[in-house]
Amino acid sequence: MSALDKPTFERIEAYVLDRMGADERLAFEQRMATDHALRAEVELERENILAIELGGMERLLKAARAEHPERRNEGGGLSTWLKYAAVLAVLLGGTLWFTLRPNANERLFAAHFRPDPGLPVVMGATEGHTFHDAMVAYKLGDHDEAIGKFTALLKEDPASDTLRFYIGCAELNAGRAERALPMLQAVADQERSVFARKARWYAFLALVRSGDRNAAAAVRFEVDDPNGAKARAVLSELN
Amino acid sequence: MLVGQAKRLSATGTCGTWTGLRIIVLRFFLPVEARDNEPLAEPNWATGLRCNDAATVRALYKQHFPAIRQYVVGNSGTTDDAQDIFQEAMTVLWLKAKERSLAVGSEPGAFLFQVAKNKWLDVVRSAAHKHMKVVHDEGRLDVRAETPDDTEEKLQRLRSVYGQLDEKCRTVLDQFYFERKDLATIAAGMGVEEESIRTIKYRCMMKLRASRRTIAGEANTSGT
């Protein structure tokens, strides 16, 4: 299957979404008249967009449905049973929540952790840069895919602080604090890295989440690093 | 009926982001010669559906669901059944509006009722509901063409395509193609750069394209 480059994709998209000027539209339609492959691409993209719109419409209909609840006089026996079931579900849910509720470390981590948004990606698919692929996966929350691609690149460039930082971030985003730590600490120790401060903060949070309070307290922030004050506040809450 | 509720319509009938005020402007200032040369104007409710307008959907729901509920409940169904049937009928109406294939002068209430009635009669006549008694069954053959099989097949195919998208892609693509938000708005909402959203959208659409081409390729291979 041949690739469809981004400019062509976006021209087709503009045509399907009726966002072309009259002249451009005419020229595009003239080209379509003789270009069978382009015509096929237009039809495929039109249907894919329609599929996405159908998904949205069905979601919208579900929301509208919720505004028209069922009448109470139907199925009286069933609704009574449902009430008891609902009460039971609430009780069970409450018990489960109490049993499984996050501990203080996890609560503090959740309160202070904001995932790094990643680096901008500005390339087309045909360029095939693995780093950008990995960064797109990172931004989409496909943590394992991102880690796999960053790790492969790290083998080729073992000194890269960028790769280590984002592997650590992806591990932390995926909830694997212990696996994030070695990567983040390695970057935090590189004083000249542009990621050092952020890596130090994320390493601190990873330690908080892991419950290693002493190690978290041992993380040293630079005097002018605002994360230092935030870290002290977290530690005081842990006490 | 639904006057002024349709939105996102430009003078050429495209969907964008605009408010009902622009409808008023268009109505009063469209050149006379342009109106004379145009075919019958698309009704606002059809434009609203075509532009995925939430207010239009809610208004259609509010206005036309009661008749369908009455029919379904009067024919051994429940309000829940009526909701299911009405939603399916609304989806058919939406698709027709999208494809601009609604007959001239189509009235949404009549269309929805006919489609919903056919669908409910299919349910009632199915093996699981043979014990039900149909009270209103007149004129069924006359309205069968409202839900041709190819519409149902197309809806199933589209649902299957949508099902191939993961949650992250849906988040971006829904906002761009369904809600018609611009890239900058989506980027601001997700806390990333506009160019990243543009690339993510492209990548997600290419994934969809690749999977559909693979399926099509497999179908062709198995057919030879």
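Okay, let's start with a question: among the elements of chain B, which has the lowest mean pLDDT and which the highest?

What we're looking at is a predicted model, where local features need pLDDT of at least 70, side-chain atom pairs count only at pLDDT 80 or more, and totals for chains, interfaces and linings use all residues. Residues are numbered from 1 along each chain as its sequence is written, while chains are lettered from A and ligands numbered from 1 in the order in which they are written.

The lowest mean pLDDT in chain B belongs to helix α1 (residues 20–29), at 38, and the highest to α5(B), at 95. pLDDT, by the way, is the predictor's confidence in each residue, from 0 to 100. Chain B averages 78, with 67% of its residues reaching 70 or more. Over residues 138–145 of chain B the value is below 50, and that stretch has 5 contacts in the model beyond near neighbours in sequence. Residues 1–12 of chain B also stay under 50, and there the model has 41 contacts beyond four places in sequence. When I say contact, I mean two residues whose C-beta atoms, placed from the backbone, lie within 7 Å. For the complex, the predictor gives an ipTM of 0.79 and a pTM of 0.64.

Now, the two chains. Chain A has 12 helices and 0 strands, and chain B has 11 helices and 0 strands. Helices (H or I, at least four residues) and strands (E, at least two) are DSSP runs, numbered from the N terminus.

Of the 239 residues in chain A, 29% are buried; in chain B it's 35% of 224. Buried here means 20 or more other C-beta atoms within 10 Å of the residue's own, exposed means 12 or fewer, and partly exposed is in between, with C-beta atoms placed from the backbone. If you take contacts with a separation of 6 or more, residues 24 or more positions apart account for 44% of them in chain A and 64% in chain B.

Let's look at some helix pairs. Two packed helices are described by the angle between their axes and the distance between the axes. Our axes are lines fitted to C-alpha atoms, for helices over the stretch in contact, and angles run from 0 to 180 degrees between N-to-C directions.

In chain A, helix α1 (residues 6–16) packs on helix α3 (residues 36–66) at about 65°, with the axes 10 Å apart. On the α1(A) side you'll find I12(A), E13(A), Y15(A) and V16(A), and they meet residues of α3(A) including E41(A), V42(A) and I49(A). That contact divides into 5 nonpolar, no polar and 4 charged residues. For those classes, Ala, Val, Leu, Ile, Met, Phe, Trp, Tyr, Cys and Pro count as nonpolar, Asp, Glu, Lys and Arg as charged, and the others, Gly among them, as polar.

Over in chain B, α4 (residues 54–73) and α5 (residues 79–98) pack at about 130°, axes 9 Å apart. So α4(B) and α5(B) are oblique to each other; angles under 35 degrees count as roughly parallel, over 145 as roughly antiparallel, 65 to 115 as roughly perpendicular and the rest as oblique. Among the α4(B) residues in this contact are L60(B), F65(B) and I68(B), and α5(B) brings residues including I85(B), F86(B) and M90(B).

Most residues other than glycine have a negative phi. D18(A), though, has a positive phi near 60°; it sits in the loop between α1 and α2 (22–34) of chain A. N52(B) also has a phi near 60°, in the loop between α3 (44–50) and α4 of chain B. Buried or partly exposed? D18(A) is partly exposed, with 13 other C-beta atoms within 10 Å, whereas N52(B) counts as buried, with 23 C-beta neighbours inside 10 Å.
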